[in-house]
Amino acid sequence: MTIRSSNDRRIAEHISDENLESGYVQMSSAFWQNLGKTAITFILGIVVTLLIWQCLAWYCNDIKDLAMSFPTPAESIGYVLGHIDIDIYGTGRNIMEHTVASLKRLAIAFSLAAVVGIIGGSILGYYTKIYSVGIVPVTVFQSIPGLAWVPIALLLFGLGDDAAVFIIFAVSCTVITLNVAGGIRMVPQVIIRAAGMMGATRSIMFIKVLIPYALVSIINGLRVGLGSAWRVLIAAEMLIGTGIGLGSAMEFLRDNLDYVGAFGCIVIICAIGLFIDKVLFSSIEKYARHKLGLEEGY
Amino acid sequence: MGQIALSNVSKAYYTSRKKDEARIVLKDVNIDIEKGEFVSLIGPSGCGKTTMLNLIAGFEGPTLGEVRFNGNPIEGTSPERGVVFQEFSLLPWFSVLSNINLALECKNVPEKERSAISMKALETVGMENFADYRPNLLSGGMKQRVAIARLLAMDSEVFLMDEPFSALDEQTRAKLDNDIVRIWKEKRKTVVFVTHSIDEALLVSTRIILLSKSPGEVIKEWKLDEKLNRDPMSYDMIKIKKEILALMPTCSCSN
Ligand SMILES: Nc1ncnc2c1ncn2[C@@H]1O[C@H](COP(=O)(O)OP(=O)(O)OP(=O)(O)O)[C@@H](O)[C@H]1O
Ligand SMILES: [Mg+2]
């Protein structure tokens, strides 16, 4: 039997003699259906994640019998819900305030890194001569591990907020720059030539030709950049005395052996990471791929 | 000197990354093209026709010799010399209409006037019903027609066309050949037209230049008066076709 894709099956259901005549097949929009499908697979993924965690907790608590109990998903999520407007004991702030403080640092550092990375990466990618020199420092900075920036940041800014923001910026900016430059360098020559013969100014060249073509790479760079920014942010908050933020809250909770609380913080960190990646970047990436004709049909 | 002048032009490319060898792909080419001429370049595949257009367009410079436009050495691309590329060259994330509008934006045509000009160009190539499509939803021939429409809208002084119709069926091709000739007669643009088809060259050109197999040299040129009867069965046409066929290099591959 012929194997048909789900698209073909759906269209085939609606083909009749009349619309074969007209050349067009009308059917209801699949928008909600698509959204439902996406939501179901997403929820399934979360369930699998929670199951893995739950199994780990069972193993640690019921079989291995650790000295301290391993927090379960229910306990940790319960802790988060319980501290939305109640201070985490000893830090003087509730979970919302810690989260907002972390997100604020992330937003400042990451938007700076995105702007610098996209502009710098575009220039590096387009001008071959600048690239061969410029790629060296970018690669050097990129190979500095996240936390190795701590001494540099402390030297430059001392203890506090600015140092944390600097570390996040440094880590994500290099990743974004490399990805953007790589994407621009992949733009086919004939496209650049076509824009050139039309008389495209430099700004049209970058904004309407190069950057859209490299959009998938750019989004990928932003995605990886934000991922590493988020990770290093928490670590930086744990090391640099920022006083407020999910990282410092976790550090405090761990010092007081409140593992349920620390796990609660991890839940928030993961939830935010997942949201940014899956909801924000995935949809932008999908849109860009569709525009570039990398996705099937329509 | 004509509008486009290639004097003693040679072009060579390295054959490997070691850069220890270069291959000559165009050899001592001298061509002088007057304003308003319709020149067809014919020759076997790989003989350097696209290379020659690249030099005229300003995408690349010659290894030896000089390429001049209106008397000045060509230093880079210019919208005065518009190109229809041999391969797909539309911007995939813009609609057909926006692709052409972009060319007009580059020319600083006011935004309000762009779409009307673009639609007119699309009508000329019979693509007006696909203005909202994105290029990758079009067939190969349709994409090429949009690229031609882009050039028409740009209204360059020189039209450089690299096998623009080779992806099209006979009828569409014949129609577009006629359209191009009609547009050329109206606007008196200089056209440099690369084709594999001798018949097409005979139909449209005022001059045919035959290139040798690689490295490309000019073998011979034929001037065809504009008023000449272009009926492929006419005595003149058959005579020139026979001459071209007799001189046409047989092997299309170099080395
Ligand atoms: N950028 C390049 N680097 C190295 N070699 C090249 C380059 N561009 C073209 N060539 C070589 O130059 C020769 C001429 O190429 P060109 O594209 O001009 O041929 P053509 O006459 O347009 O052929 P066709 O009719 O098949 O399009 C070819 O042998 C090709 O290998
Ligand atoms: Mg060619």
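Colleague: How many residues does the contact take from chain B and from chain A?

Modeller: In this predicted model, the contact takes 28 residues from chain B and 21 residues from chain A. A residue counts here because heavy atoms of the two chains come within 4.5 Å.

Colleague: What area is buried between chain B and chain A, and what makes up that area?

Modeller: About 2,100 Å² is buried between chain B and chain A, and carbon and sulfur atoms give 67% of that. On the chain B side, W93(B), C106(B) and R134(B) lose the most area to chain A, and together they account for 30% of what that side buries.

Colleague: Why is the pair R193(A) and E60(B) called a salt bridge?

Modeller: The closest N and O atoms of R193(A) and E60(B) are 2.9 Å apart. The rule asks for a side-chain nitrogen of Lys or Arg within 4 Å of a carboxyl oxygen of Asp or Glu, so this Arg and Glu pair qualifies. Across the interface of chain B and chain A the rule finds two salt bridges; over all chains the count comes to 25.

Colleague: What makes E285(A) and R223(A) a salt bridge by that rule?

Modeller: Their closest N and O atoms are 2.5 Å apart, and the limit is 4 Å, so the pair counts. E285(A) is in helix α13 of chain A and R223(A) in helix α11 (residues 215-239). The pair links distant parts of the chain, 62 residues apart.

Colleague: Which domains does the domain assignment of chain A give?

Modeller: The assignment gives domain 1 (30-70) and domain 2 (76-291). Their C-alpha centres lie 26 Å apart. The contact takes five residues from domain 1 of chain A and seven residues from domain 2 of chain A.

Colleague: What area is buried between domain 1 of chain A and domain 2 of chain A?

Modeller: About 520 Å² is buried there, and carbon and sulfur atoms give 93% of it. In domain 1 of chain A, F42(A), W53(A) and M68(A) lose the most area to domain 2, together 75% of what that side buries.

Colleague: How do you know where the second largest pocket lies relative to domain 1 and domain 2 of chain A?

Modeller: Both domains give residues to the lining, so the second largest pocket lies between them. About 500 Å³ of space lies in this pocket. Its lining has 15 residues, with T49(A), L50(A), C270(A), A271(A) and L274(A) nearest its centre. The elements that give two or more residues to the lining are α3 (31-64) and α13 (259-291) of chain A, and α13(A) supplies the largest share, eight residues. By class, the lining residues divide into 11 nonpolar, three polar and one charged.

Colleague: Is the peptide bond from S214(B) to P215(B) cis or trans?

Modeller: That bond is cis, with omega near -5°. Most peptide bonds are trans. P215(B) is found in the loop between β9 (207-211) and β10 (218-223) of chain B.

Note on methods
Residues are numbered from 1 along each chain as its sequence is written. Chains are lettered from A and ligands numbered from 1 in the order in which they are written. This is a predicted model: local features need pLDDT of at least 70, side-chain atom pairs count only at pLDDT 80 or more; totals for chains, interfaces and linings use all residues. Side-chain values use heavy atoms; hydrogens and water are left out. On a 1 Å grid over the protein atoms alone, a cavity is a set of points where a 1.4 Å probe fits but cannot get out, and a pocket is an open set with protein on both sides within 12 Å along at least five of seven lines; lining residues have an atom within 4 Å of a point. Grid points are joined across faces, edges and corners, and a volume is the space filled by probe spheres set on the points. Helices (H or I, at least four residues) and strands (E, at least two) are DSSP runs, numbered from the N terminus. Ala, Val, Leu, Ile, Met, Phe, Trp, Tyr, Cys and Pro count as nonpolar, Asp, Glu, Lys and Arg as charged, and the others, Gly among them, as polar. Domain bounds come from an automatic or database domain assignment. Buried area is the accessible area (1.4 Å probe) that two parts lose on being put together, summed over both.
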